[in-house]
Amino acid sequence: MTIRPQDERDLLDRIPTRLLLGGEERDASDGGTFEVLDPSTGRALLRVADATALDGAAALDAAVAAQHAWGRTSPRVRADILRSAFDAVTARADDFALLMTLEMGKPLAEARGEVAYGAEFLRWFSEETTRIGGRFATAPDGKNRLVVLKRPVGPCLFITPWNFPLAMATRKIAPAIAAGCTMVLKPAALTPLTSMLFARVLTEAGLPDGVLNVLPTTRAGEVTGPLITDPRLRKLSFTGSTGVGRRLIADAAETVLRVSMELGGNAPLLVFDDADLDVAVDGAMTAKLRNGGEACTAANRMLVHESVADEFGSRLVERMRSVVPGRGTDDSTTLGPLIDESTRTKVHELVRDAVDRGAELALGGAPIDGDGYFYPATVLTGVTADARILREEVFGPVAPIVTFASEDEAVALANDTEFGLVAYAFTRDLNRALRLGEELEVGMLGINTGLVSNPAAPFGGVKQSGVGREGGFEGIEEYLETVYVGIGDPYSTA
Ligand code: NAP
């Protein structure tokens, strides 16, 4: 179903455009607003309130004021709110999908996939809410009793990126609600609309005033900096680039603030000589082109055994050739625009650098003229070890192919990066797959699949890809403090 301009206007007319502070939708304290653009046209969609540092302070005040009562609500109450929010997002899947397509550019089918993925965090954590445990033990000497309690960390600050406008928010908000934490959310200035609609859905689902406060702003550092060093804030969870994450960790050190960091990636995708090449090419298409390559999990380096490299390369080129760039609202589109001109310039620079150093352009490789920030599906073969594209996250639809001769060499190449988010490997050898699980320096590994993201699994990286996990049983722990209560020997006075 192709979307008509009128459908877009009808949806945009229903999107909240003001800050959410203490349960009230409010203008920015200085009345400022900013434009949210459609990356497929470069034209404005809506103007939204542009939060100031004063609004940031008000948001934290509201979160702090709401914390005590919210932390004492019963798990069942919090579970029911999450479940209602899951139902509401699912019922409004078309609205959320179209909104993400408009502000971020991904094709509608992918946006629908993100709605299902993002909503599932609400359902998963609604189920986890009533299972927050603790433990009881007798001390080894048989005397004292040891009780271990879990309680909410307290007010949290969330900073999210533009590439998955719904899922990056629900992956933090759902476990925080489950644990009983209050929140201030600063969405990316490029894509604040989805978060603003989601916040309204949560309010309608019964989330009390002040539990979630939302601050769209073009002044990220000015608004969030004072919150990070405010001793009332108890947790910072950030998803974004490693460069910004590094600076925020340094700021958080001032108050020894607890942090979770979901940062950049440089995922290797390994194709061994025993791989089923149909499965490997399918997996490579998913790992490379999901979200147009604008994903932290995107395969950044295709490492292929030299004996299958030509066959894999030519099949990948054929599949990449069939990709159709266009506006995400159009049915035929399978590749949306990049998010902005500077992203497109960087993608093209990395392609040119690889070619200048000796790579061959097997497909694509030049920006598409016209409105919007389009770049075609691109394949580079024979990429040399010194090419920047092997070290820097390309964040675009570009697949560089490098060959290897042995498993040891493949592992060494894969680990030759400061990042460690995810790797993919295609092999029919179970022992090799298990070895890779132990040898690759990553937080996640896909075997014979190009997609590992799942709300029931712990998502996160090692090395400079981050600290902490989102999703799975592990996800809620990020929002819980462990308190140990030692109880004197109950027999001492018997
Ligand atoms: P980014 O530039 O680091 O921005 C991420 C968020 O941080 C945005 O909300 C941004 O606000 C904010 N920000 C920027 N500077 C800040 C500062 N000085 N203080 C406080 N906040 C600040 O990253 P991006 O370009 O949006 O996203 C792409 C990056 O995110 C990639 O590296 C990707 O790998 C990573 N990512 C990681 C994961 C994961 O789970 N590991 C998931 C998705 C994306 P404004 O945009 O408003 O400036």
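A charge sits over a ring if NZ of Lys or CZ of Arg is within 6 Å of the ring centre and within 35 degrees of the ring normal. The model is predicted, so local features need pLDDT of at least 70 and side-chain atom pairs count only at pLDDT 80 or more, while totals for chains, interfaces and linings use all residues. Residues are numbered from 1 along each chain as its sequence is written, and side-chain values use heavy atoms, with hydrogens and water left out.

**Exercise 1. Charges over rings**

Determine which ring R171 lies over, and which ring K235 lies over.

Solution. Step 1: R171 is placed over the face of F459, 4.0 Å from the ring centre. Step 2: K235 is placed over the face of Y479, at 5.2 Å from the ring centre.

**Exercise 2. An aromatic pair**

State how many aromatic pairs a search of the whole structure finds, and describe the one formed by W162 and F395.

Solution. Step 1: Rings of Phe, Tyr and Trp (its six-membered ring) pair if their centres lie within 6.5 Å; planes under 30 degrees apart count as stacked, over 60 as edge-to-face and the rest as tilted. Step 3: In one of them, W162 and F395 are 5.7 Å apart centre to centre with 90 degrees between the planes, which is edge-to-face. Step 4: W162 lies in the loop between strand 7 (156–159) and helix 6 (167–179), and F395 in the loop between strand 15 (378–381) and strand 16 (398–404), so the pair ties together parts 233 residues apart in sequence. Helices (H or I, at least four residues) and strands (E, at least two) are DSSP runs, numbered from the N terminus. Step 5: Both W162 and F395 are buried (under 20% relative accessible area, with exposed over 50% and partly exposed in between; 1.4 Å probe, protein chains only).

**Exercise 3. The domain interface**

Characterise the interface of domain 1 and domain 2 by contacts, buried area and salt bridges.

Solution. Step 1: The domain assignment, automatic or from a database, gives domain 1 (5–263) and domain 2 (267–455). Step 2: Their centres, taken over C-alpha atoms, are separated by 30 Å. Step 3: Contact (heavy atoms within 4.5 Å) involves 28 residues of domain 1 and 28 residues of domain 2. Step 4: The two domains bury about 2200 Å² between them, 59% of it on carbon and sulfur atoms; buried area is the accessible area (1.4 Å probe) that two parts lose on being put together, summed over both. Step 5: In domain 1, P39, S40 and W162 lose the most area to domain 2, together 22% of what that side buries. Step 6: Three salt bridges (a side-chain nitrogen of Lys or Arg within 4 Å of a carboxyl oxygen of Asp or Glu) are found across the interface.
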